[in-house]
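Subject: Structure handover

Hello,

Please find the model we discussed below. My notes come after it.

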Amino acid sequence: PSSFEDKFLVNRLLGRTVVVNERLLEPLEARLKKSKTRPKPEVLRTALALGNNSVDQAVHLRQEHLKSVDKLVSARKGYSTREHCDDVLAMCRWDYEAALYVLNNETEFDATVHEIMRRNGLASGVGFPAKAEVQWEVAQARNDKAV
């Protein structure tokens, strides 16, 4: 059976989770109560979205997320705070390699995103794609040239 069989219609149509089942937030939070840090609601939603609305997968992804933040902080050797690494990892949809690329090339990355948004008339912040989407696309492509 398809993993999207019993999910929301929009999730089935897109073949990925974009709508999180809000009823799963409480069981997920209960499973994560033992962790040292209390996750923010947006972290829980991201874990559920990336885990296809599965609490078990979301718990595993949250654990991997924490390990990735630790690895990023270590890789940056004091040049980035834990909070900054966590923010970049969130922007990169918990993709460690993309986040490491962004952190190691922040100046070029920001210039590329700015140039793409300026060239496409998106610098005003109005319209689609949003800046976060452009950032994700640039990080995913590991592209430091505004092409």
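Here is what turned up.

This is a predicted model: local features need pLDDT of at least 70, side-chain atom pairs need pLDDT 80 or more, and totals for chains, interfaces and linings use all residues. Residues are numbered from 1 along each chain as its sequence is written, and side-chain values use heavy atoms, leaving out hydrogens and water.

Fold. The protein chain has 8 helices and 0 strands (DSSP runs, H or I of at least four residues for helices, E of at least two for strands, numbered from the N terminus). Of its 147 residues, 35% are buried (under 20% relative accessible area, 1.4 Å probe, protein chains only).

Core. The largest nonpolar core holds 35 residues (buried Ala, Val, Leu, Ile, Met, Phe, Trp, Tyr and Cys joined through side-chain atoms within 4.5 Å). Leu28, Leu48, Leu72, Val88, Cys92, Val102 and Phe109 touch the most other members. Helix H6 (96–104) is among the elements giving two or more residues. The largest share, 7 residues, comes from H6. Leaving aside neighbours within four places in sequence, leucine 72 contacts Cys85, Leu89, Tyr96, Ala99, Leu100 and Leu103 (contact: heavy atoms within 4.5 Å).

Surface. The accessible surface is about 9,300 Å², with 53% belonging to carbon and sulfur atoms (Shrake-Rupley, 1.4 Å probe; for residues, only the protein chains shown count as cover). Valine 19 sits in the loop between helix H1 (9–14) and H2. Valine 19 is partly exposed, at 31% relative accessible area (partly exposed lies between the under 20% of buried and the over 50% of exposed).

Best regards
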